[in-house]
Amino acid sequence: MSSPEEQQRAPALCKECDSVYTVRILAGGEIEPIGTTACSCGSEEFEVVD
Ligand SMILES: [Zn+2]
């Protein structure tokens with residue numbers, strides 16, 4: 001009986017094409033798009049929108 005680790009989610013923009021994705025923020029500050037591994041443009045770099 002362990003509670004699931006709470007994952008922080010945020011909108012983020014692809015650094016290449018400015019597409020908006022929802023990402024989860026991992027411990028350590030890495031961000032990972034939800035439901036995909038990369039943007040449709042091929043970039044794997046995202047920037048969280050504040
Ligand atoms: Zn992109």
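Two strands count as paired here if DSSP finds at least two bridges between them. Strands themselves are DSSP runs (E, at least two residues), numbered from the N terminus. Heads up: this is a predicted model, where local features need pLDDT of at least 70, side-chain atom pairs count only at pLDDT 80 or more, and totals for chains, interfaces and linings use all residues. Residue numbers start from 1 along each chain as its sequence is written.

**Strands 1 and 2**
- Strand 1 covers residues 8-14 and strand 2 covers residues 20-25; they pair antiparallel over 6 bridges.
- Look across from alanine 10 and you'll find valine 23 of strand 2.
- The two strands make a hairpin with 5 residues between them, and aspartate 18 in that turn has a positive phi of about 65 degrees.

**Strands 2 and 3**
- Strand 2 also runs antiparallel to strand 3 (residues 31-33), with 3 bridges joining them.
- Arginine 24 has glutamate 32 in strand 3 as its bridge partner.
- This hairpin has 5 residues between the strands as well, and here glycine 28 takes a positive phi near 100 degrees.

**Strands 1 and 4**
- Strand 1 is joined to strand 4 (residues 46-48) by 3 bridges, again antiparallel.
- Leucine 13 pairs up with glutamate 47 of strand 4 as its bridge partner.

Definitions and conventions: Helices (H or I, at least four residues) and strands (E, at least two) are DSSP runs, numbered from the N terminus.
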